Structure formats: structure tokens, C-alpha cells
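Trainee: Could we go through this model together? I'd like to ask about it piece by piece.

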Amino acid sequence: MKTLPLFSIALLSASALAYELLLMRLFSIIHWHHFAYMIIGLALLGYGFSGSLIALMQDRLIRHFQTVYPLAIALFSLSSIICFEITQTLSFNTEEILWDFRQSLLLLAVFVLLSLPFFFAGAAICLAFLFYKDRLNQLYAADLFGAGGGCIGVVGLLNALFPDHALVAISALGLCAALIAGIELKFKPITLASYFFCLSALLVFLAMQLQLAISPYKSLPHTLLINGMEIVSERSSPLGLITVVNSKKIPFRHAPGMSIASPHQPLPQLAVFTDADNMSVITGKAENIQQLAYLGQMTSALPYVLKPSDQVLIIGSGGGADVLQAKFHQAAHIHAVELNPQYIELVSQDFADFSGDIYQQANIDWHIADGRDYLTSHENQYDLIQISLLDSFNASVAGLYALNENYLYTTEALKLYVSRLKPGGYLSITRWLKLPPRDALKLFTTVLEAFKTPSIRQNLVMIRSWQTTTLLIKNGAFNAQEIAQVENFSAERNFDLVYTPTIKEAQANRYNVLKQAWFYQGAQALLSGDSQTFIENYKFNLRPASDDQPYFQHFFRWSSLPEMLSLLSKGGAGLIETGYLIIFATLCIAILTSLFFILGPLFRLPKNPSQTKLIKRRHVAVYFFAIGLAFLMIEIAFIQKFILFLHHPVYSLAITLTAFLVFAGFGSAYCKQFSKNAPSRFRIVGVISLIVALSLAYLCFIDDLFQLTAAWPLIAKFILSILLIAPLAFFMGMPMPLALNSLAQDNAHLIPWAWGINGCASVISSVAATLLAMQFGFSIVILTAVICYLSVIGQFPASDSAMQPVH
């Protein structure tokens with residue numbers, strides 16, 4: 001009996017899935033977050049292309065299995081580094097895609113190049129399945145368990161290694177899989193050792209050349225161009241790559257939106273970058289409290305001057321600037337909540353002497369938690385809840401956060417914040433100022449949607465500086481004294497009023513003068529009875545953000561694109577939300593490449609006229625295309641939705657992919673036993689009915705369940721997430737093998753077509769689902785998937801013989 005390559009298959013699958021997740025982290029660092037869903041598409045493209053090519057050449061490849069199988073694994077290992085390094089030399093810049101057509105071609109090249117490692121991995125696995133087809137179940141189980149282990153293992157790997165080192169580790173893991181394959185296939189020891197030594201030497205050489213080429217449009221590369229800048233510390237985890245920069249010559253003076261009339265200077269600072277962007281600072285120790293006076297010259301200081309704040313909650317405390325601001329204004333007790341523990345470690349350990357170790361001071365409590373989870377699990381009431389500038393200025397203004405799921409600024413989040421305020425307490429949200437106005441107005445719209453009462457206009461105040469806007473929401477109405485204090489605070493610091501309950505147009509646009517009082521006019525229009533018309537006619541998307549559509553920084557509107565493109569030659573590039581267009585370009589590339597690389601080779605397959613009448617090709621096409629779309633739509637929607645529960649995209653990707661892979665595999669293995677005495681068409685009706693019922697149940701109840709379990713530890717949430725996904729994934733694993741088994745009885749020549757069509761749909765769906773979620777919300781994505789599943793009931797590809805019960 002031939003030895004099954006179970007260990008090499010498991011290790012290869014683990015490496016490939018870990019590589020997929022790692023690429024998402026790497027592209028978040030060197031480019032931006034919106035490439036995450038492109039990575040899923042290109043991985044599927046590589047797997048699909050390998051299946052199509054093997055369908056054409058399987059006889060020849062099977063004859064040389066002993067050589068081709070370990071060779072494909074070794075090529076995966078080497079290409080995982082080589083292809084990534086080549087993509088870094090292509091000079092691809094997302095921000096130039098609007099005016100430089102070559103960038104679209106480079107994006108296509110990136111897509112195809114990075115799919116190659118997955119092509120080699122898919123080829124090795126597919127060949128093993130064909131060569132050992134009589135023991136397929138054991139190989140399939142090894143493949144799935146390996147893939148699941150890779151998804152979970154990469155989280156641990158990112159905790160232990162920097163992302164570029166993790167790439168080398170995963171490549172080495174692939175090389176070990178090739179070595180194990182040689183052992184399982186009984187290669188001569190001397191031959192195996194020789195090949196392994198040569199490949200290891202090549203891998204070491206490639207690893208030595210590896211260096212992350214970060215986009216020049218990100219903040220860190222800009223900063224390092226300044227004379228005297230040096231990196232003094234780096235930390236890495238699944239939550240981000242943290243880089244601390246010191247200036248030897250001129251200390252940082254980071255005080256966003258500080259009044260131009262301020263008589264005070266910021267203290268010396270260290271700059272802290274997350275994923276080479278999103279700059280914050282660690283502030284030097286103050287010898288006396290007055291050295292922090294500059295923090296009172298920012299728009300975010302407004303709530304502190306209205307009344308004393310005994311209990312202050314700061315969400316996203318980072319390097320501690322907001323904590324120092326609260327301390328300067330004599331807050332009695334400060335609660336600092338930060339999701340990334342690396343920030344606390346930097347301030348309290350690495351740079352404790354420099355910062356004065358502010359997080360360990362007597363009246364300050366710090367908590368490693370997501371802001372919403374912390375509020376859900378604690379019943380404390382606060383005088384002030386503060387959220388300030390949690391994203392990068394450069395990327396925010398350029399529209400590169402358009403695809404980021406951000407659950408801090410949704411209608412549900414705002415309701416939660418206000419419910420935790422004491423009577424008369426304030427919620428303060430500070431954002432970067434964008435021109436033309438969109439960020440501030442969308443926040444205003446979201447507040448009005450969250451609190452649909454006429455009295456809400458009495459509870460709001462908004463001001464702006466030259467760089468920031470601050471919105472205050474009071475748990476109660478602003479009185480005349482508070483409004484006068486707002487006016488005085490703004491006048492003294494040359495800040496402009498955007499909205500107060502008593503504002504007059506003459507009070508707006510006085511200091512940081514714009515061509516028109518756009519912010520004031522927008523706020524008034526949103527408070528008018530015809531606000532919906534204003535939103536529909538506005539050049540940018542101002543629809544409120546919600547947990548179902550948490551894309552707060554998605555401002556793109558197709559109706560405005562022609563006008564904005566006409567302004568490109570006049571400096572209008574900043575008007576276009578680049579992130580959205582990049583994901584749309586990625587969708588076009590996914591369609592073209594999947595048609596060319598997956599379906600294209602299948603046209604060369606020999607036809608079998610004697611059998612084509614048994615099943616209409618149209619049924620095969622519709623069925624497999626629909627289930628390909630539906631499966632990935634639900635998977636992508638769950639990945640995005642579980643970010644709210646698990647706090648970070650890497651955690652959500654790892655857990656949801658693990659659950660879907662493993663339990664869909666179990667479903668595939670069990671499908672023959674599912675109502676085995678019933679005809680195929682009846683079985684598919686039962687499976688689809690269960691998928692639809694579970695999907696709709698999740699749609700109705702999952703938000704409530706997330707809220708009930710928000711206080712659970714992260715490990716418990718991981719387990720609960722897997723348990724939630726398991727039953728749905730189990731049944732979603734059945735429609736594909738049920739149809740393939742049906743085809744195998746009389747129409748086996750159509751199986752490659754089925755695989756190709758399904759793979760093509762999966763590649764397209766991986767990107768299309770994200771665009772659909774941005775435009776219409778996760779609920780619509782899941783409902784669309786449900787419709788796709790229902791549509792296949794009448795298209796099940798079964799001939800008369802396949803209709804008989806399984807005995």
C-alpha cells in the first residue's frame with residue numbers, strides 16, 4: 001500500500017493559509033487595509049488556475065507524480081518570497097491609479113504574481129487527490145486540518161515575529177513540507193539531503209534580500225526623509241507594526257489643530273506610527289502642570305472648559321496625549337481604554353523615564369479593551385467620554401480608509417456612548433477636517449439618525465480649527481451659559497463655530513475663512529425638514545454609518561465621479577475617495593483573470609458529444625456559479641461582521657476562515673450520509689433550506705448575541721465564534737459535493753467545467769461582496785447569498801440515473 005503524504009499535505013495547507021493571512025498584514029503595512037479582500041481573491045485565483053491546468057494535463061502529471069508533487073511544494077515555498085519581493089519592485093502606488101493608467105496594469109501584475117504561490121500549493125494538493133483518489137477522505141481531512149491550523153497559527157506567529165520574518169518562517173515551513181513529502185515518497189536520503197540543502201541555501205539568500213518597501217505616501221517614509229530622524233524602537237503583533245521615531249535635531253511638536261493664536265509650545269515628543277502611518281506621540285515628562293497648557297489650545301479641550309469632569313473615559317488612549325489633556329484640566333479620575341497593548345508597554349516600560357510613566361499615576365486606570373466592549377461590560381457613568389483622531393490625517397484626507405470597517409462611529413455606538421454619560425455629561429468626538437466638508441457632516445448625520453428626536457438639536461455643539469473638528473453631544477440640553485462659554489472658547493483661540501443651538505450665520509466662518517460657510521450651511525441643511533434631499537444631492541456620501549454598514553469613511557458617489565475626474569488637472573485628485581476605486585479596479589481584475597486563467601484553459605478540454613444531452617450545460621453553469629457566489633458572500637460578510645466582536649481584522653479573518661474551512665470540510669465528508677435514501681434533488685432542497693434558515697437566523701439575532709457576550713475574554717469569543725459558524729459552514733459544505741457526485745455518475749466530463757465555473761465565481765465574489773457591503777450593508781450581502789442558494793434548487797445538475805436514491 002502506498003504511503004499517504006498526510007503530513008506534507010497538512011503542512012502545505014497550513015503554510016498556504018498562513019501565507020494568505022500574512023499577505024493581508026503585509027499589504028496593510030506597505031500599502032493600506034483595503035487590499036485584504038484582494039488577497040482572498042488572488043488566492044482563489046491561484047487555486048482555481050491550478051485545477052484548470054491539471055484538468056488539461058492530468059494524465060501526464062499523474063505519471064510523474066513522484067517528481068511533480070514535492071517540486072510543486074518547493075516552488076510554493078520559494079515563490080512565496082520571490083513573488084512578494086518582485087511586487088515590491090513594481091513601483092505600484094495606489095494613489096496614482098487615478099491619473100496613471102500604468103498603475104492599473106501594475107495592480108494586475110501584483111494580482112497575478114501573488115497568485116502564483118497559491119497556484120503551486122493548489123497544484124500539489126490537487127495532484128495528491130488525483131493520485132490517491134481511493135483514499136481521498138484521509139487526504140481531504142489532512143488538508144482541512146492543516147488549513148485550519150495555519151489560520152490559527154499565523155496569529156501566534158505574528159505575536160512572536162515581525163511580519164517580514166514571519167514571511168521567511170512560512171516559506172521555511174513550506175520547504176519542510178517539501179522535505180517531508182520526499183520522505184513520504186521514499187526518496188533516497190542522499191538525494192533528499194542534497195535537494196534540501198540547495199533549496200535551504202536559496203531560501204536563506206532570499207531572506208537576506210527581503211525588506212519591506214513601504215508606500216512613499218505613508219507618514220513614516222515622509223518623516224524619515226527629514227534630517228536627524230531615527231527609529232528607536234519597533235514592536236509587532238497581529239494588531240499592528242509599531243515604530244517609534246526620535247528626532248535628534250528638532251523634537252516633534254505634534255498638537256493637531258492647535259490654535260494659531262496659542263502662546264504655548266508643545267513638550268518634546270517621540271512619534272509613534274502604526275503600520276507606517278497613523279502617527280501619534282509619546283509626550284515628554286512635564287516638570288510642572290503648566291507645561292501642558294498647549295493641550296488647552298486644541299478643539300478637543302472644549303468639554304473641559306464647560307465644566308469640571310470628575311470621571312473621564314478616553315477611548316483609544318494610545319501614547320497618552322488625551323490622558324495628559326485630561327490631567328491638565330484636573331480631571332479627578334481618568335479611565336484610559338486602548339485596544340493595542342503595545343502602546344501601554346511603550347509608555348510604561350520602554351519609555352517610562354521619558355514619559356513619566358503616566359499610565360501608572362494614581363488617578364489613572366488603564367484597560368486593554370475595545371471601547372465598545374468596555375462600555376458594554378461596565379455600568380459606570382462618566383462626565384466625559386472622549387474619542388480623538390484615531391486615524392491618520394494623510395490617509396483619511398486621501399480617502400484611503402474608505403474600506404475600513406470602523407464600529408466606533410456607528411449609530412449603535414453613539415447610542416451606547418450617550419447611555420453611559422451622567423446627566424449633563426458630554427460625548428466629545430474629534431475628527432480631521434476635510435475639504436470639501438464630508439467627515440464632519442457625516443458624523444452630524446449619524447448623530448441625527450441615532451437620536452431621532454426634535455430636541456437633539458439642543459444637545460449638539462460643533463467647532464472647527466484649521467485642521468480638526470470637535471462635536472459635543474450632551475446628555476441634556478446646552479444652556480445659555482454653556483453656549484456663551486463655547487463662543488468665548490472659540491473666539492479666544494480663533495476657532496470657528498459650526499453649530500450651536502443659537503448660532504447665527506454671521507458667527508460662522510470668521511477665523512479660518514473658507515470661500516463659503518460650508519460647515520455651517522451643511523449642519524443647517526441636515527437639521528432642516530428637507531435633509532434627505534440635501535444628502536441625496538450632496539457630492540459625497542453622507543449616509544449614516546451603522547453596524548450593518550460600518551464604513552464611516554466611505555464618501556464615494558458614482559454620480560460625482562465625472563465632475564471630479566474633470567478636475568484632476570486642476571488639483572482635484574484629493575476629492576476622489578481612492579480606496580473605493582481601487583477595490584472596484586480589483587473587481588474588474590478579478591473578473592478578467594478568473595475568466596482567462598480558470599475558464600480559459602477549460603475550453604481546450606475534449607468534448608464528449610455522446611453524453612452532453614444527459615444534463616444541460618446551462619444547469620451546470622448556473623448551479624456552480626451561484627453556489628460559488630453565495631459561499632464567498634456569506635464568508636466575506638461574516639469576516640467583516642465578526643470584526644465588531646473580535647476587535648481586529650486579523651483575528652476575524654483567522655477565526656472565520658478556520659471555522660468555514662474545517663466545518664465545510666466536515667459537511668462535504670458527511671454529505672453522502674445526509675438523507676442518503678432520498679433522491680439527489682430532494683437532498684439539495686433539504687440542505688439549501690437549512691442554509692437559508694441558519695443565515696436568516698444569524699441575520700436576526702447575531703447582533704444581540706454579540707452584545708450579550710461583549711464582556712467575555714477574547715479566547716472565549718474565539719471559541720464562541722467557531723461554534724456559531726460551525727453549523728452554517730457544515731451545511732454550506734454540502735451543495736458542491738452533492739452536485740459533483742451527481743455529475744460523476746453519467747457526466748464526469750463536465751466536472752472540470754463545474755470546478756472552473758465555481759472557482760471563477762469565488763474569485764469574483766470575494767471582491768464583489770465587499771463592494772456590495774459598502775453600498776448596501778452586510779444584511780443585503782447575506783440576503784443576496786440566500787437568493788443565490790435558493791436559485792440553485794431548480795438547477796441541480798442531475799440526470800435520470802442520478803435521481804435515484806443512494807443505497
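Trainee: How many cavities of 30 Å³ or more does the count come to?
Mentor: Bearing in mind that this is a predicted model, the count comes to three cavities of 30 Å³ or more.

Trainee: And what volume does the second largest cavity have?
Mentor: The second largest cavity has a volume of about 40 Å³.

Trainee: Which residues line the second largest cavity?
Mentor: The lining includes Arg464, Leu497, Val498, Ala508 and Asn509, and also among the lining residues are Leu514, Gln516, Ala517, Trp518, Phe519 and Tyr520.

Trainee: Switching topic, what domains does the assignment give?
Mentor: The domain assignment gives domain 1 as 1–214, domain 2 as 279–551 and domain 3 as 613–807.

Trainee: How many residues of domain 2 and of domain 3 are in the contact?
Mentor: Domain 2 contributes 16 residues and domain 3 contributes 18 residues to the contact, while the centres of these two domains, taken over C-alpha atoms, are separated by 41 Å.

Trainee: What area do domain 2 and domain 3 bury between them?
Mentor: They bury about 1500 Å² between them, and 56% of that area is on carbon and sulfur atoms.

Trainee: What about polar contacts and salt bridges there?
Mentor: Between domain 2 and domain 3 there are 10 residue pairs in polar contact, counting pairs with both residues at pLDDT 80 or more, and the rule finds one salt bridge across the interface. By class, the side of domain 2 that touches domain 3 has seven charged, six nonpolar and three polar residues.

Trainee: Which residue does aspartate 373 form a salt bridge with?
Mentor: Aspartate 373 forms a salt bridge with lysine 717, and their closest N and O atoms are 2.3 Å apart.

Definitions and conventions: Residues are numbered from 1 along each chain as its sequence is written. This is a predicted model: local features need pLDDT of at least 70, side-chain atom pairs count only at pLDDT 80 or more; totals for chains, interfaces and linings use all residues. Side-chain values use heavy atoms; hydrogens and water are left out. Domain bounds come from an automatic or database domain assignment. Contact means heavy atoms within 4.5 Å. Buried area is the accessible area (1.4 Å probe) that two parts lose on being put together, summed over both. A salt bridge is a side-chain nitrogen of Lys or Arg within 4 Å of a carboxyl oxygen of Asp or Glu. A polar contact is a pair of N or O atoms within 3.5 Å; within protein, one must be able to donate a hydrogen and the other to accept it, and residues adjacent in sequence count only if both atoms are side-chain atoms. Ala, Val, Leu, Ile, Met, Phe, Trp, Tyr, Cys and Pro count as nonpolar, Asp, Glu, Lys and Arg as charged, and the others, Gly among them, as polar. On a 1 Å grid over the protein atoms alone, a cavity is a set of points where a 1.4 Å probe fits but cannot get out, and a pocket is an open set with protein on both sides within 12 Å along at least five of seven lines; lining residues have an atom within 4 Å of a point. Grid points are joined across faces, edges and corners, and a volume is the space filled by probe spheres set on the points.
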